[in-house]
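Here are my notes for a first look at this entry. Please read them beside the model.

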Amino acid sequence: QVQLVESGGGLVQAGGSLRLSCAASGSSYPMAWFRQAPGKEREFVAYVSQSGRVTNYADSVKGRFTISKDNAKNTVYLEMNSLKPEATAVYYCAAGPRVVPSCQDTIYSYWGQGTQVTVST
């Protein structure tokens with residue numbers, strides 16, 4: 001069983017930055033970030049492979065968000081820059097058990113509790 005604990009959310013002004021962290025217990029897997037805004041479906045943000053060498057991003061965050069993985073700490077990070085109000089959402093960390101990462105939320109078995117990110121105008 002894998003437990004995921006997110007941190008780093010908060011309130012930031014448009015154009016600002018935040019860094020989210022997700023610490024995983026148990027085995028190491030590919031990991032991803034998803035987000036869900038009020039009244040909307042959960043959407044893919046970014047994923048990183050188990051090794052940390054392969055990443056992928058949603059078009060809406062490409063060039064502004066960076067996902068990275070520290071395997072020694074079994075922790076994944078999401079560095080978010082140039083934040084826009086439309087980034088306001090609850091951000092969820094997801095992991096494994098498949099060895100190939102995906103932008104589809106259905107392939108992930110382990111989820112964190114979520115952390116709120118609010119971007120004000």
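In which order do the four strands of the open sheet stand?

1. The order is 1-3-8-7, with antiparallel pairing. Strand 1 (4-7) and strand 7 (65-70) lie at the edges with a single partner strand each, so one side of each has no neighbour in the sheet. On average, neighbouring strands here are turned by 15° against each other, direction ignored. Strands are DSSP runs (E, at least two residues), numbered from the N terminus; two of them pair if DSSP finds at least two bridges between them. Axes are lines fitted to C-alpha atoms, and angles run from 0 to 180 degrees between N-to-C directions.

2. A note on the source. This is a predicted model: local features need pLDDT of at least 70, side-chain atom pairs count only at pLDDT 80 or more, and totals for chains, interfaces and linings use all residues. Residues are numbered from 1 along each chain as its sequence is written, and side-chain values use heavy atoms, leaving out hydrogens and water.

3. Strand 1 runs antiparallel to strand 3 (residues 18-24), and four bridges join them. Ser 7 stands opposite Ser 21 in strand 3.

4. Now the whole chain. It has 11 strands and zero helices. Its radius of gyration is 13 Å, close to the 14 Å of the globule rule for 121 residues, so the chain is as compact as a globular protein of that length. That radius is taken over C-alpha atoms; the rule is 2.2 Å times the number of residues to the power 0.38.

5. Of the 121 residues, 46% count as buried (under 20% relative accessible area, 1.4 Å probe, protein chains only).

Key: Buried < 20%, exposed > 50% of the residue type's maximum accessible area, 1.4 Å probe, protein only.
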